[in-house]
Amino acid sequence: MDHGHHHGGAPGPLEPALTVLALAAVACGYLLAVRRAGRRNPVRGWNAWRTASFLGGLALLALALLPPLGPAAHTDFRAHMTQHMLIGMYAPLALVLAAPVTLLLRALPARHARRVSAALHSPPVRVVTHPAVALLLGTGTLVLLYFTPLYEAAMAHPAGHRLLHLHFLASGCLFAHVVAGPDPAPARPGVPARLVWLGVAIAAHALVSQALYGGFHVQVHAPAAQLRQGAEIMYYGGDLAELLLAGALVATWRPERRTGRRRPAAGPAHGRSAAGKRTAGKQAAAEAARAEAGRVAGGPSGARPPVGSPARGD
């Protein structure tokens, strides 16, 4: 390990301004979608807490990317790890809890919403949103990053550093969505399975941080003290983020209620005339039609929220 930690991929003077513009554009896009969804369904509207969560996630990204933390991450491994935690764990959780896909489905015209819904059910999306794939793309790639020359190569070029940030954000959002996201997820497993996958992620994250602390085969050219302190940030900061993720999973879990009714015992007391059966059948069909109409009115896609997501998608 070197005694210094300097890289040639430091951001240019215009990068902070471009970052602010990009984050502001994303915030405006979300707010416009909220306005459009409110116009399409004034009665239901949109949950203000979800909007606050999305704006909070963007604020965490700004904290990570803008001075003083952004430039410091190029020369100090502790700053890099703090930036990694914000971009890869804390901001994704806030962004995912804002239910951006549900908002998009409500804001889009019906035909475009159906296309988005069909894409969510496509085989590639089902593969990517499997917990094992999400875990591999998130925690698994940390082994490649810090225990191979990949970290130094990425930090040596501005484009590589930006790609690293994009990977942290995308993989973090993917794993948060798989574990506790309120958006539709056709391939999402049940809550017990997701808790198991979250436990595996916690264990893997702890192993990576302990290996960093001990300096075992670490390919990061930074002072030993910075490596140890960066590993501590990863260990304790990751634990807190995963605890928040587990809390989000529990808070958004709504167990399915069984609606099946017992069949009455056969006998004269329970017999019905043919006319009575036809009347009961018509009433049941009418009730089912009203329930279906109410469900579809909740959003253009007409999809029921998956197990583990809130009963209301807003």
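At what angle do the axes of helix α5 and helix α6 cross?

**View 1. Helix α5 crosses helix α6 at roughly 145 degrees.** The model is predicted: local features need pLDDT of at least 70, side-chain atom pairs count only at pLDDT 80 or more, and totals for chains, interfaces and linings use all residues. Residues are numbered from 1 along each chain as its sequence is written, and side-chain values use heavy atoms, without hydrogens and water. Helix α5 spans residues 100-107 and helix α6 residues 110-120; their axes come within 8 Å. Axes are lines fitted to C-alpha atoms, for helices over the stretch in contact; angles run from 0 to 180 degrees between N-to-C directions.

**View 2. Residues of the α5 and α6 contact.** Val-101, Leu-104 and Leu-105 contribute from α5. Ala-113, Val-116, Ser-117 and Leu-120 contribute from α6. Contact means heavy atoms within 4.5 Å. Six of these residues are nonpolar, one is polar and none is charged (nonpolar: Ala, Val, Leu, Ile, Met, Phe, Trp, Tyr, Cys and Pro; charged: Asp, Glu, Lys and Arg; polar: the others, Gly among them).

**View 3. Val-116 in helix α6.** Val-116 touches Leu-104, Leu-105 and Leu-108, leaving aside residues up to four places away in sequence. Leu-104 lies twelve residues from Val-116 in sequence, and their C-alpha atoms are 8.8 Å apart.

**View 4. The chain holds 13 helices and zero strands.** Helices (H or I, at least four residues) and strands (E, at least two) are DSSP runs, numbered from the N terminus. Of contacts between residues at least 6 apart in sequence, 81% join residues at least 24 apart.
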